Each structure stands twice: as structure tokens, then as C-alpha cells.
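This report concerns a model that is predicted.

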Amino acid sequence: MANIQQPAETTEIIEPGDAAQTDSRHNWLKGRINQWRESGLISDEQSEAIIKFEELPEAPFRLGTRFNRLVVVLSTLGAILIGAGIISFVAANWQGLPAIAKLVLLIGGQTATYWAAYQLQFVRGFPKVGGAVMFTGAAWFGANVFLVAQSYHLSTNNPDLMIWWFLGILPLAYLARSKAITVMAVGIFTIGISWKTAGIGENTESAFMVMGSLLLIATALYATGMLHLRRDNLKFHAGPYLVTGALLAIGVVYVLTFDEFFRDSRQGSVREIAALSGSYIAIGVIISGITIAAVVAAARNTVTSGATTFVSKYAESGAIALVIGFGWFAAALPFNSPTPYVIVFNLLLIFLIFSTIILGIVNKREALVNVGIIFFVIDLSTRYIELTVDMLDTSLAFIVGGILLLGVGYGMERARRKLLQQFGMTEAVNHDS
Amino acid sequence: MTLKAKRLFIAVIVVQIVFLLGIVGYREAILINGQTAVLQTVPVDPRDLFKGEHVILRYEISTLGDAAINPVGKRYRLIGDIDEGDTVYVRVPTSENFDQGWLVAQTVKPPSDADLFIKGRVTSSKDNIITVEYGIGQYFVPEGRGLEIEQADDVKVRVRINRSGVAAIEELIVDDEVWQP
């Protein structure tokens with residue numbers, strides 16, 4: 001392993017998301033070449049020669065992109081199947097295997113997977129296949145955490161195991177520069193921490209503390225994504241944090257828009273902030289403080305110009321501060337009646353949906369636009385059902401609702417494509433389907 | 001990958017392996033060096049059988065307090081304020097101390113020379129009755145063998161407890177015989 005080569009593939013691969021960027025760079029270059037020609041710096045022949053030299057190899061590029069995707073899909077499926085097969089073999093024969101054999105199979109298998117991934121990704125020059133094997137190694141570590149816990153009859157209904165799994169694979173995501181492992185790590189963290197937070201208490205009052213805490217966690221995740229964007233070498237990993245933070249925040253606020261939730265859970269009791277447990281308040285203050293500090297640091301270092309300055313620099317930070325405030329509001333429950341909560345959280349949901357769409361457009365993040373649009377449709381459908389359930393006949397409500405949804409879907413799809421085109425992103429349209 | 005990144009990569013993998021071996025070593029140390037206790041379980045709820053892969057074990061000392069309904073649980077005196085989420089140290093009932101009056105459950109860690117205590121986490125606390133989770137509530141069995149335990153008349157669990165009060169399941173005693181997986 002002494003001689004580490006840079007994989008040959010890396011220089012040739014143009015990710016689909018980069019396609020628009022490459023096109024726009026090419027257009028810019030054409031414009032400049034024309035200016036040089038007009039100003040007499042270069043001749044017509046030289047101009048044509050440069051343009052021809054810089055021409056994008058259209059057909060091979062597209063074929064390459066599709067082929068790369070196929071390689072990733074096949075490699076990931078293959079690696080997962082092999083890993084799942086070995087792990088299920090160990091799990092099925094758990095009691096029959098001697099302790100040392102179990103350890104060798106589990107830890108040896110995991111190490112061998114990492115070794116193969118390293119060889120393929122960094123030595124042999126197969127980054128796509130190597131990345132897929134690395135992903136399997138990260139998944140294998142998680143399976144090992146649960147299998148070792150199981151072998152000592154430790155409770156596997158334990159969110160701490162997921163947090164350990166997350167901590168174990170997070171550095172790998174950065175070292176192997178793997179977005180797939182970043183998605184896995186952030187997803188595991190979100191499930192684990194939400195699960196752990198849900199364990200705050202099983203009584204009805206603590207449900208609001210859980211909701212408030214989840215809002216704080218969502219802002220912390222989003223702020224982590226914002227911080228990643230400020231460093232060129234970390235930008236690549238920002239997406240999963242931003243999208244998961246937005247999803248969690250909007251999802252939690254959506255749950256809080258139902259008056260039944262407040263009516264059922266509060267059971268008429270008035271809850272004062274003083275009644276919250278001191279340790280939970282301390283943890284909440286620390287998370288809120290770190291998040292605000294991260295957002296301020298991220299906003300201060302933002303280098304923007306023109307119309308996007310305000311949105312990029314302040315609107316994102318403002319939205320996060322607002323969600324933090326409502327996180328505390330949800331946990332403290334200062335009002336006695338459900339009505340103020342329902343009004344406030346419905347308004348917050350609309351604000352967050354449109355903020356996510358706008359931020360997605362301004363910052364050219366398609367995933368955020370999609371999150372906003374999906375929740376817009378979900379919210380619209382929910383409110384429609386709430387409004388019509390008592391007003392219209394059930395069958396009529398379904399028909400009208402169906403027509404409305406189709407219309408909204410058509411309009412949203414058109415709007416979405418227009419938005420993507422506006423910020424220079426294109427997507428493949430399959431006319432066969 | 002730079003040399004530094006390569007070293008970090010190896011370090012991460014080593015940390016992962018050390019973590020897994022750490023769990024193994026810690027639990028083996030409890031099983032080898034811990035003090036033995038036999039805990040009675042209350043009948044296993046069939047709904048808790050999860051596809052025959054493991055059984056849920058509820059102990060007599062899972063519910064404690066003056067008014068608790070199980071015979072061992074109601075003999076416990078809760079010392080101090082015990083709230084949900086607290087760590088609690090519960091004196092282990094043995095044949096020697098069973099008739100010696102009250103047993104105690106407390107949030108203060110007992111001295112190392114005290115009687116055998118088991119450490120748990122309070123999952124609910126209401127009206128001076130607490131429910132405690134000791135981390136030994138699941139027992140994994142080979143596929144399809146869970147029913148044997150579920151249908152047994154008497155199920156006991158032999159545990160090992162270390163000096164910190166952490167318990168590990170050593171074996172099950174089903175109808176007075178050690179259960180072979």
C-alpha cells in the first residue's frame with residue numbers, strides 16, 4: 001500500500017449536478033473568445049480552434065454519466081448483498097458458533113471490507129466500486145454493534161447503539177469523501193437522537209418537550225450544513241445536513257399544526273416553563289447557543305453579492321433563530337387553549353415551506369426545493385381534507401380533491417421545472433413513461 | 001488519499017474494532033468477575049415475543065414501591081426522591097436477606113463493601129412506585145425456541161453483577177434446569 005495512486009477515473013467523471021455548471025462555463029468561454037476575436041487579440045481561425053478544442057464531448061459524456069450511475073447502483077447492490085448474506089449467516093447460526101468464530105467473522109469481515117474498499121477506491125483506481133464497498137463496510141460496522149450487543153443479551157431497543165454507529169462512521173464519510181456514507185451517518189444520527197429524545201418521558205406533557213427538542217436538533221443539523229458550506233473541502237458533505245435539518249423541522253411543525261394533538265396531549269393542564277427539568281433546559285440552552293453561534297459564524301463569513309446577499313446572509317439565519325424560538329415555545333406551552341398553538345404553528349409551517357423553497361432557489365439546492373414542494377402538497381391536502389370532511393359528501397370530496405391535486409401537481413411540476421431551469425439545473429425527462 | 005488521511009483512515013477502523021472489542025471485553029469481565037445472583041422473572045408476556053428471536057424478561061424487581069403488587073417489589077423502601085430518568089441502586093433479593101425486613105432502592109451509589117446492589121434506570125415514577133430497567137430485559141434465543149421459555153412455569157435468570165452494579169445475563173434457569181440454547 002506504499003504507492004498510493006490517484007484514481008484515473010476521478011479526473012474524467014463529471015457528476016450530473018456539474019453538467020449545468022460545465023455548460024455555463026463553456027458559454028462564458030465562448031463569449032470571452034468572441035470578445036478577444038472582436039478586439040483583434042486572436043484571429044477567426046484561432047477563435048474557432050480554441051472553441052473546437054474546448055468543445056464538450058456530448059455523446060460520450062452523457063453515456064459516461066449514465067454508465068457511472070449504473071456502476072454505482074450495481075456495485076452498491078452487490079456489496080450490500082454480500083454483506084447482508086454474511087451477517088444473516090452469522091445471525092442465523094449465532095448460538096451454534098463459538099465465541100471466537102463469531103468475533104473473527106464479524107470483525108474480520110468488517111476489516112476485510114474496508115481493506116477491499118481502500119484498495120479499490122484509492123489504489124486500484126475504481127472509486128465508484130470502492131465507494132460502494134466502503135458504504136457496505138460502514139453498514140457492516142452498524143450491524144456488528146447490534147450483533148455484539150445481541151450476543152451479550154443487551155437491549156437492542158437502545159438509541160445509544162445508533163449514536164455509537166453514527167460516531168464510528170462519520171469520520172469515514174469525510175476521509176473517503178463519500179456522500180452516501182454522509183447520508184447514512186446523518187440519517188442514523190437523526191433517528192438515534194430522535195429516538196433518544198422521545199425517551200425523555202412517556203407522559204403526555206413530555207411530548208411537547210420532545211417536539212421542542214426535535215426542533216432544536218433540526219436547527220443544529222441545518223447550521224452544521226451551513227458551516228460545511230463555508231469551507232471548500234467540506235461543501236461536498238453539506239447537503240445531507242441541510243436537507244435532514246429542513247425535513248425534521250418542517251415535519252415536526254407539521255405535526256404541531258393539528259389541534260387534536262394539543263387537545264389530547266395537554267388534557268387541560270397548564271404547563272409552565274419552570275416545570276421543565278433543569279437538565280433538559282441546560283441541554284436545550286447549550287444546543288441553541290451552539291447553533292446560533294454556528295449560524296452567526298456562517299453568516300459572517302458569507303461572501304455574496306447582489307440580490308442574493310440578504311437572503312443568503314440573513315434570511316437563512318433568521319429562519320433558524322425563529323425555529324429555535326418556536327422550539328422553546330413548544331416545550332414551554334405558555335397558553336392554556338390549543339387555538340393559539342394551532343394558529344402559530346400553521347403560520348410557521350407556511351413560512352418554513354416557502355423559506356425552504358426560496359432558499360433552495362437562491363442557493364441552487366434542488367433537494368431543498370423538493371422538500372418545500374412536497375410539504376406544500378402535503379399541507380394543502382391536509383387542510384383540504386380538514387375543511388371538506390364536514391362540508392361535502394365523502395365521494396364528492398374525493399373527486400374534487402383528486403381534481404385539485406392533479407391540477408396542483410401539474411402546476412407544481414411546471415413551476416419546479418421552471419425554477420430548476422432558472423438556476424441552471426436540468427433533469428432527464430423520460431418521455432416513454 | 002494523502003499519507004495523513006491514510007493514517008486517519010486506519011485509525012478510524014482501529015477505533016471501530018477497539019469499540020467492538022471493548023463491549024466484548026467489558027461484558028466478559030462482568031461474566032467472569034461479577035458476583036452471582038439469581039433473579040425471579042414474572043411470567044413472560046407472549047406479545048413480547050419478537051418473531052421467536054428473543055424474549056422479554058420482566059423481573060420482580062422491575063417494579064418497586066410500597067404499594068407495588070408483586071411480592072418482592074412491595075418490600076422495597078425507596079430512599080430519597082427518585083424521579084423518572086434517575087439512576088437507581090437496588091439491593092438484590094437473596095435467600096439470605098429475604099426475611100430480614102425492608103430492602104432498599106436508592107439513587108446514591110452504595111459503598112463497595114455494601115451488600116449486592118444492581119444498577120438500573122428509572123423509566124417511570126408515580127405515587128411512590130417506580131419502574132426500573134436494568135439492561136437485562138432481553139434474552140436472545142435461536143429461531144423458534146422462545147416458546148419453550150414462554151410456556152415454562154418458572155423462569156429465573158442467573159446474572160453476574162460487577163462492583164458498579166452493572167449486570168450481565170449468564171444463563172436462564174427454566175423450571176429449575178439450566179436452559180440450553
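## Domains of chain A

Which domains does the domain assignment of chain A give? The assignment gives domain 1, covering 53-191, and domain 2, covering 199-426.

Where these domains meet, 10 residues of domain 1 of chain A and seven residues of domain 2 of chain A take part in the contact. On the side of domain 1 that touches domain 2, H7 and helix H8 (179-198) of chain A each supply at least two residues. H8(A) gives the most to this side, with six residues. Sorted by class, the side of domain 1 of chain A that touches domain 2 of chain A has five nonpolar, three polar and two charged residues.

## Fold of chain B

Chain B contains two helices and 13 strands. The chain has 181 residues, of which 33% count as buried. Among contacts in chain B with a separation of 6 or more, 61% are between residues 24 or more positions apart.

## Contact between chains A and B

The contact between the chains takes 25 residues from chain A and 26 residues from chain B. On the side of chain A that touches chain B, at least two residues each come from helix H5 (99-123), helix H6 (127-151) and helix H7 (159-175) of chain A. The largest share of this side, six residues, is supplied by H5(A).

By class, the side of chain A that touches chain B is made up of 15 nonpolar, nine polar and one charged residues.

Key. Residues numbered from 1 in each chain as written. Chains lettered and ligands numbered in written order. Predicted model: local features only at pLDDT ≥ 70, side-chain atom pairs only at ≥ 80, totals over all residues. Helix = DSSP H or I, 4+ residues; strand = E, 2+ residues; numbered from the N terminus. Buried ≥ 20, exposed ≤ 12 C-beta atoms within 10 Å, placed from the backbone. Contact = placed C-beta atoms within 7 Å. Nonpolar A, V, L, I, M, F, W, Y, C, P; charged D, E, K, R; others polar. Domains from an automatic or database assignment.
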